[in-house]
Structures are given as C-alpha cells and as structure tokens.
Amino acid sequence: MSFDVARVRKDFPIFEREVNGHPLVYLDSANTSQKPVQVLDVMRAHQERHNGNVSRSVHTLGTESTEMYEGARARIASFIGAGSPDEVIFTKNSTEAINLVAHSAGQFLALKEGDEIVISEMEHHSNLVPWQLLCERTGATLRWFGITDEGRLDESQLDELVNERTKLVSVAHMSNVLGTINDPARLVERARQVGALVMLDASQSVPHFAVDVRALGVDFIAFTGHKMLGPTGIGVLWGRFGLLSEMPPFLAGGSMIETVTMGKTTYAPPPARFEAGTPPITEAIGLGAAVDYLTGIGMDEIHRHEQEITAYALEQLAAVPGVRIYGPASPVSRGGTVSFGVDGVHPHDVGQVLDALGVEVRVGHHCARPVCQRFSVPAMTRASFYLYTTTEEIDALARGLDQVRKVFG
Amino acid sequence: MLDGLYQEIILDHYKHPHGRGLREQFDGEAHHVNPTCGDEITVRVNADMSDISYDGLGCSISQASASVLHELLEGKDSATIAEVHRAFVELMQSRGAVEPDEDVLGDGIAFAGVAKFPARVKCALLPWMAFKDAAARAGVEVGASPEVKA
C-alpha cells in the first residue's frame, strides 16, 4: 500500500487542535515527535490492565509486565538489526546512553594521558560534554572533526585525527541542526585500523530511516524514544555484546546484580547490568509500540516521504527573500531537518511570530552551540519534519516567514 | 496577540538602540548569556552611573530592553536606579497582572506585554541582570534579586 500522509495524520490526535487560532503546524519533530493513538493506547492499557514490576515478581501482573517489557526490547533489537535483544539496554534517553558509554567504556579502556577521544564540531551537547568530562577525569585529549562550508563532516584530516592514540570515536549519524547524514564507513574503516571503538549518536537517524547496526559496523549507538513516536523517559544504548559484557556497571543498585554480600557484589550480564533500579516500564512498552507503528508503515516509505518534504522545503525556503539555509542545500545525504536564518531578524523573534500563526519551530542554538559558532551566528531557526509532515505545512511556514519580514521589515 | 509583544516602542528601540557600544572606561563589567537561546550581553558601568555602555547579540526583546535600560538608568542616582530596577523586574514577573507606572518606567512600560509570554521574560531581563552584576562589581548594590521563573 502506498504511503498516505493524510491517513497517517489521522493517527495523531494532536493534529486536531489549534494553536493561537490556527491549525497546528508542527515542524519541531527533531526536538520531540508527536505520538500516535497506537502508542498512547498501548501505554494506557498497560497501566490499566497489566501494571506490575518487572524481573522480580512471581505474580501474574509482574509476569505480564516483564513479557511486555522484554518483548519491546526484542522488537527494538530487530528494528535496528541487533544480534540479540541482550545488546539493547534501556536508558532514560540518548544522553544517558552516551554517558553510560563515557563512564563504563571509559573505565574499560583504562584511558590515560596520551590517549585520544575523537568527536566532531557537529555534535549535540549530549555527544560532546560527556566526552569533555571523561577527558577531564582521565587526562585523555579530546579532538574533533570540523564541518565544511556545505555543512558536511570534514573528513580531510581523517588519518591524522584518528590515529594509534585514538581509543574511541563518537559522532552524530545525522546532525540535529544541519540535517547532514554522515556515512560512517570511512571512519569505521580507519578506526578498525588503529583499534579504536566507534559510537554513533543515532538520535536523529533511527527515527527517520532504516538503521542496521551490523551493516554500519560500529560498536555502540544511542537513540531516544520520544523522537520516534514513543514517550519521553526511554532511550536505548545498543552495543556489541562482547564489549558490553566486558564493561563495568554505570549506575548501581537493584536488578543489576548477580550476588550481593556486605563485602562484595558480582554483576549480572548485559543488559541487566546496565539497568539498575526499576526501569521506565510503561515507556519501554510504549517505545515497542512506536517501533511496531513505524515498522507497519515502513522505514523506507517514511524516509522517501521525508525526502520529498525536505526537497520541497529547501526549495520554498530558498525562495523567501533574506533566508539563508545552513547545511546541505540539496536533499542528498540529508534528512528532514532544515536550519535557517532570516536576515536582520533574531531567531527568537522568527519563532515568536511563527507561533502566533500556529507554526511550531525550534529557535536557539539547538544544544549544539559549536555548530552555530561554526557558521558565525548566535542562534538559528529550525524546521524539522516527520512522516506526518505535509507540503501544506511547508507552505504555512513560508507564509509565516513573509509575516516575519513584515513585522521586522 | 503579537501586537502585545512587539509594541512599536520595542521595535523602535531594537532598530535604533540608544547608547549601544562598549566604552573602555568602566568600574564594573558583566557578561550574561541566555543559554537556551544564545542571547548575549555585556554591560559596563561607572561607579557613579554616569556611564552605562553595553553591547550584545540577541532578539528584539533583549536588545530593546538593553536600550531602554540605558535610557532609564544612565546618569541617575542610586535610589532612582534601585526603584526603576525593582519596578522593571516586578513588571516582568507579573505575568501581566501589574499595571506599569510610566513615570517610573518610561518606555519600559512597553514590556508589560512581554510579561505574558513566559518564554520571553528571560530575554527582557537579560540586560537588567547583567547590569545588576556589573553594578555590584563597581561597588553599587542595585537590590532586586529575582527568582526568574520562565
């Protein structure tokens, strides 16, 4: 069956509402996505009918809850091509997943002065600050790839940047600001030559196109539920099982243990080792439902739709006088996230005028301040799309920008 | 609804800011940023408040607010500065419930509408908080120390 955006939108109750007297035009999915009834219903049904704690109850509710929680893990594992569900660790969000690696893999790698971690200038702060802190703790050096004028990862210094001192490389699979999709193939090849681990921040990629961790050949990926039609409070770290099983715990407490005495504790194997305490059970089940929904429509269909919307948006925005787009100008190797500036108008003001017209965009530095600095602006306006975005919404954005220019002209 | 936010007075101050540009002679300086939107401002003052200079990058609300601050506070005595500062902070935290006094706040009354947009209150207060810190570094206590709720 062919992709039908009108039918998709019927699954999202929020599109029935108005904002400031206008139909909602939601162009902020890179920030957080909206939720279909299929996800909301599953979460509600779980709370109403099956609520019990996981992995520790002998009773029926606890068993049902555990089956649903572990079922979600298994479906997420197959969604990203993981070797086994045990490679999928539930976290609070991408940030926690990256911090987990920065702590546990950092300890496992026994980082010291002279070692190097490589990231990029394109990173969200969540894939930047944890590595800065890790380097501060261990004396290792943080280095980074730059960004080209076109908004691509600058790999021209790859062999110098990733060298025998490099222990881990962590970059965005897709930029949350520029929309650039990075192909990690060359980077992975180089990292393998020097024996470095590779992590991808997949927060912006897993929601939007098919990601296969084995095909990518990386060691870790992180992503978050709320950007892929699921709830907040649930994220995923995927890691190679061999690595995970060598890594020490991150957070400690219940559920992550094997045997505890007052003197010494041994730890459970992954994923339990990294899931201390009662996890966000309903949220994990909600994410499982989101994966079912996305799979039902098809990630290739979703990607194709977003490519069309992105091409249309790039064309429409380029036609607005005074608008400058940051990032790749064509939809090739680029996703549905478009950041731009309006000449002479601060993004905060752009966002405010658009909101008055019901058009919801993100403004600011998008938790990626170095990207803004790279393009010499304090902030940007960002429109980001998803499977439910229509060309009419792009038209509303373009009309809104005309209004912005009128107010500040 | 936008008319309440983008008053002509605010847009005028934004497009034609008063007293913008940093001067080299000063007793106290403060640089403040709004980490959520990347707005920045630097304020410099003399201990006797005869000179208040500033420069910044930001939205119309934060930059117009700096211009109004300069107009209202430069060259005033410390009692007046404390009164105006307190009145402006109070207005911004009122969520629109306070009727501003034009005799005290001058063009600052145009910001009454901003108080109804919680996300923008921090923009309007940015230069005022930077000013307060700059004054403190010059040995002048301005007083109002708000909990900024956004």
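How are α4(A) and α5(A) oriented to each other? The model is a predicted one, in which local features need pLDDT of at least 70 and side-chain atom pairs count only at pLDDT 80 or more, while totals for chains, interfaces and linings use all residues. Residues are numbered from 1 along each chain as its sequence is written, and chains are lettered from A and ligands numbered from 1 in the order in which they are written.

Two packed helices are described by the angle between their axes and the distance between the axes. The axes of α4 (residues 94-108) and α5 (residues 129-138) of chain A come within 9 Å and cross at roughly 20°; axes here are lines fitted to C-alpha atoms, for helices over the stretch in contact, and angles run from 0 to 180 degrees between N-to-C directions. α4(A) and α5(A) are therefore roughly parallel to each other, a term that covers angles under 35 degrees. The crossing of α4(A) past α5(A) is right-handed, meaning that the near helix is turned clockwise from the far one by less than a right angle. On the side of α4(A) the contact involves A:I98, A:N99, A:A102 and A:G106, and on the side of α5(A) A:P130, A:W131, A:L133, A:L134 and A:T138, where contact requires C-beta atoms, placed from the backbone, to lie within 7 Å. These residues divide into six nonpolar, three polar and no charged (nonpolar being Ala, Val, Leu, Ile, Met, Phe, Trp, Tyr, Cys and Pro, charged Asp, Glu, Lys and Arg, and polar the others, Gly among them).

A second pair of helices is α2 (residues 37-50) and α10 (residues 281-297) of chain A, whose axes come within 8 Å and cross at roughly 145°, again in a right-handed crossing. Here A:Q38, A:V39, A:V42, A:M43, A:H46 and A:Q47 of α2(A) meet A:T282, A:I285, A:G286, A:A289, A:A290 and A:Y293 of α10(A), and the residues of this contact comprise seven nonpolar, five polar and no charged. Helices (H or I, at least four residues) and strands (E, at least two) are DSSP runs, numbered from the N terminus.

In the loop between α2 and α3 (60-79) of chain A lies A:R56, which counts as exposed because it has 11 C-beta neighbours inside 10 Å, the cut-off for exposed being 12 or fewer.

At the level of the whole chain, chain A is divided into domain 1 (5-30 + 299-408) and domain 2 (40-295), with bounds from an automatic or database domain assignment. The centres of the two domains, taken over C-alpha atoms, are 28 Å apart.

Key: Parallel < 35°, antiparallel > 145°, perpendicular 65-115°, else oblique. Contact = placed C-beta atoms within 7 Å. Buried ≥ 20, exposed ≤ 12 C-beta atoms within 10 Å, placed from the backbone.
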